[in-house]
Amino acid sequence: MSGKVAEMEESTTHTGPKGVINDWRRFKLESLDQENLPPAKKELLRQMSSPQKPKEDSRSTLNRKMSVQEYELLKEEDETCLKKYRKRCMQEMHDKLSFGPKFEGVYDLESGEAFLQVIKQEHHTTVVVVHIYKVGVKGCEEINNCLDCLATEYPTVKFCRIDAVASGAGERFSDEVLPTLLVYKAGELLGNFLACTQHFNEEFFATDVESFLNGYGLLPEKELPGLADEEENEVE
């Protein structure tokens, strides 16, 4: 019988509300400045993060409530550590549920062939945003700067840029229609925005371009919905 109880107790450290509390305790212990902790506090946190099993297991052990001392210790810990813990949890969830490749920075396409290749061969879940520009055309440099910023915010989106002349289709992309933003997914053109700066104010920023693309539903969510701040209050 005691073997079954031990197995149940072990499982509670990994799943459910108690599992969340134990994971938080371990995270908190690892985050603390161990060198400057008072010995008594260090020992208590050690016990909380890796509780010792009693020699005689019982159901009362499984239902043990947090002591007043433990509660006060958790209560006094700073909000910064809790935010870091939540961020780690969110990142783990995001990594598990994210599909497709991730990218860094904006990719410079050197030719029309490279342009067609990125459209046709990119992963079918990947959104591809291509900026067609020309040096000296008003707004092109600003759009390039905005995409540099958005590339860090949306690593699952492949942001690219190509000079209209290098694309081999300069006659189709005259100065009057630049800068142009093209948005593709699975080889299909989802957005074709000629002279896109007409949609912005004289001075615009990455957040303006982001809002514009989001208005057409062309960008994915930057992150998963946050965990409710009060969810730990459900744990007794």
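Here is a short walk through the chain shown above, from its overall make-up down to a few individual residues.

This is a predicted model, in which local features need pLDDT of at least 70 and side-chain atom pairs count only at pLDDT 80 or more, while totals for chains, interfaces and linings use all residues. Residues are numbered from 1 along each chain as its sequence is written, and side-chain values use heavy atoms, with hydrogens and water left out.

Let us begin with confidence. The predictor scores its confidence in each residue as pLDDT, on a scale from 0 to 100. The chain averages 76, and 57% of its residues reach 70 or more. Residues 1-15 stay under 50, and for them the model has 21 contacts beyond four places in sequence; a contact here means heavy atoms within 4.5 Å. Another stretch, residues 54-58, is also below 50, with six contacts beyond near neighbours in sequence.

Next comes the fold. The chain has nine helices and five strands. Both are DSSP runs numbered from the N terminus: helices are H or I with at least four residues, strands are E with at least two. Reading from the N terminus, the order is α-α-α-α-α-α-β-α-β-α-β-β-β-α. Among contacts with a separation of 6 or more, 70% join residues 24 or more positions apart.

What about the surface? The accessible surface of the chain is about 15100 Å², with 51% belonging to carbon and sulfur atoms; areas come from the Shrake-Rupley method with a 1.4 Å probe, and for residues only the protein chains shown count as cover. Of the 236 residues, 37% are buried, where buried means under 20% relative accessible area, exposed over 50%, and partly exposed in between (1.4 Å probe, protein chains only).

Glu-122 counts as buried because its relative accessibility is 17%. Setting aside neighbours within four places in sequence, Glu-122 is in contact with Pro-101, Phe-103, Gln-117, Val-128 and Lys-158.

Finally, the cysteines. A disulfide is a covalent bond between the sulfur atoms of two cysteines; the cut-off used here is a pair of cysteine sulfur atoms within 2.5 Å. The whole structure has zero disulfides.
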